[in-house]
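Open your viewer and get ready to select residues by number. We will go from stop to stop, and at each one you will hear what to pick and what is there.

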Amino acid sequence: MFSLFRRSSAASAFFAISMITATITPITISAIASAQTTPSETPTQTPTETPTQTPTDTPSETPAQTPAQTQTTTSFSDVSSNYWASPFIQALAQRNVISGFTDGTFKPDQPVTRAQFAAMIQKAFNQTPTRQLSQGGFRDVPASYWAASAIQEAYETGFMSGYPNNRFLPNQQIPKVQALVALTSGLGLNAGDTTTSVLSTYYSDAADIPAYAVNNVGAATQANLVVNYPELKVLNPQVSLTRAEAAALLYQALVRQGQLQPIASNLPAANYIVAGSATGTQTSTSTTTTTTGNTTSTATTTSSNIVAFAGSTSSFSTLTTALKAAGLTETLQGKGPYTVFAPTDEAFAALPQETLQRLLEPRNKETLRRILTYHVVSGQVTSAGEATTLANKPVNVQLDSASNQITVNNTRVIQPIQTSNGVIYAINEVLIPPDVNISQLNNEISPGRATRGGSSYVGVAGNIGLGGDSALSEPNFAVISKLGLTRNFSVRPSAVFGDDTTILVPITLDLTRRTADAAGQTFGISPYVGAGVAIEASDDADFGLLLTGGIDIPLGSRFTATGAVNAAFLDQTDVGLLFGVGFNF
């Protein structure tokens, strides 16, 4: 058969592997370089919209000016050492959470858009997703939009939400109150029942706080997230957030998580932090230390309920997220009393990451609920032995009187915490009910699902032959498809039609979507690489190993462009390039 290129089998094999490597390597390098030099937050030089309670939805496609990270330097020409927000800005710039502009400025007083704040959140936090964005995402955030991945992550981790009619309004300036709502929602902070007194104590303009945000602002105040400049008692909730204020709020949120140290009290910036935990709150916590023989135990008492206390401490942030995802917060805010064997963040971190992500998906809500209720006993546990949990399964509670040590299912209790509606026993292990199979959850296969690289699709393509003697080696028409199997893997059956029609069936590892720059535009790309079988459907049918690698590029919510290099090791080594478009489903 006519071949564009005729090589020895060994040379062709080397060529095919080189082509696949050449296809994937630039993508990876580009993504790394993009992450280092092209920040996700892209401020608008001249805002064109005035934020309102019900904003308009006409986002511009491209921000007017793009900030560029200044490599390792974190000094900005317009942020002097005595500027009020300088400590916040410099610290976050060092962590690459925020960045400056190509002219060396930071523009601290420039308003922040919703898309820019989502990008900052993406860089600042590493929270576990609690929900999934519907296929196709928000209708005013195309897949090629510079902040599409950041917006998706901010939504799925519970920080930000959309507007009616499936809109996000990415280019609308974000009011300060919305930023506080986003941070408290994503971090799972709750103000409890003392919100009104907290707000009236700290803010002279408390009446301007919209009703939907009252609890969140109270929680942010109690958690020391709020920074008010220039007047400590003036919140200005409806005024657009500036870049300097965004840095301050994010810094305080990272302090709350234990990722950053509080700024020194002798710095001017400390004077603008609303110290909600220092005075004025109605939540009190005391610690008692008891020594028995050679054993010292510590007990904590708080006036908060179980959910409020878990949400107020960085040790239970994952538990708080899980309780929300399982719909159990209302139950554990009830009168009680309850005994909760509460896994710490360290306990959840010991689970395989994929397991935790799957548990927090909406479709696994019932499984998550069974696991969490297995940690809760209705009433006080006053003696050793079996205690029936809310999951209707018993746990074995033991007390070593000599060491005053409590264990549950042989897991040691770290510290008891007495709350207003029960007791929390902190533990460093997640208890799995006997009727829940975690390994089955990890191996769940759902053909046709979306993967982390994007939607499943079916489409058409053109093939460019590079060597061999099958249809893969010549210019031909092809039918392509991608069928997601799990979050990470897909099967991609394709057929290249010609004199010797070739069927390709690879299993691919779908890598996480990232961004790449080309011709001054930023695109979302999803690389993949895999192997499988190639079948030559001719009179002398043959089959052999198939290697493949390529990228998917989302074209809005309905279509995906794809390009791949395929190497089929048949009688000869057949190499072809496939370029096509698929319809998402």
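Does Y83 count as buried or exposed? Select Y83 to begin: its relative accessibility is 17%, and because buried means under 20%, Y83 counts as buried. Keep in mind that this is a predicted model.

**Stop 1: rings around W84**

W84 has 7% relative accessibility, so it counts as buried. Y83 and W84 form a tilted aromatic pair, with 6.1 Å from centre to centre and 45° between the planes.

How are the rings of W84 and Y229 arranged? Their centres are 4.5 Å apart and their planes are at 5°, so this pair is stacked. Follow the chain between the two: W84 is in the loop between α1 (9-37) and α2, while Y229 is in the loop between α7 and α8, 145 residues apart. Y229 is partly exposed, with a relative accessible area of 34%.

To see the whole group, show F88, Y251 and Y272 too; together with Y83, W84 and Y229 they form one aromatic cluster. Across the structure there are 14 aromatic pairs.

**Stop 2: the largest nonpolar core**

In soluble globular proteins, nonpolar side chains tend to be buried together. Here the largest nonpolar core has 77 residues. Which of them touch the most other members? Select F88, I89, F117, F125 and M160 to see them.

Next, colour the helices. Those that each supply at least two residues of this core include α2 (86-94), α3 (114-124), α4 (148-156) and α5 (176-187). Which helix gives the most? That is α8, with 10 residues; you will find α8 at 243-256.

**Stop 3: M160 and its neighbours**

Centre the view on M160. Leaving out residues up to four places away in sequence, M160 touches R114, F117, A118, I121, R131, A154, Y155, F168, I174 and A182.

Two of these neighbours, R131 and Y155, deserve a look of their own. The charged end of R131 sits over the ring of Y155, 3.9 Å from its centre. For another example, select K107 and F101: the charged end of K107 sits over the ring of F101, 4.9 Å from the ring centre.

**Last stop: another core**

Finally, select A325, L328, L360 and L372. They are among the 31 residues of another core, which lies apart from the largest one.

How values were computed: Residues numbered from 1 in each chain as written. Predicted model: local features only at pLDDT ≥ 70, side-chain atom pairs only at ≥ 80, totals over all residues. Heavy atoms only, no water. Core = buried A, V, L, I, M, F, W, Y, C linked by side-chain atoms within 4.5 Å. Buried < 20%, exposed > 50% of the residue type's maximum accessible area, 1.4 Å probe, protein only. Helix = DSSP H or I, 4+ residues; strand = E, 2+ residues; numbered from the N terminus. Contact = heavy atoms within 4.5 Å. Phe/Tyr/Trp six-rings, centres within 6.5 Å; stacked < 30°, edge-to-face > 60°. Lys NZ or Arg CZ within 6 Å of the ring centre and 35° of its normal.
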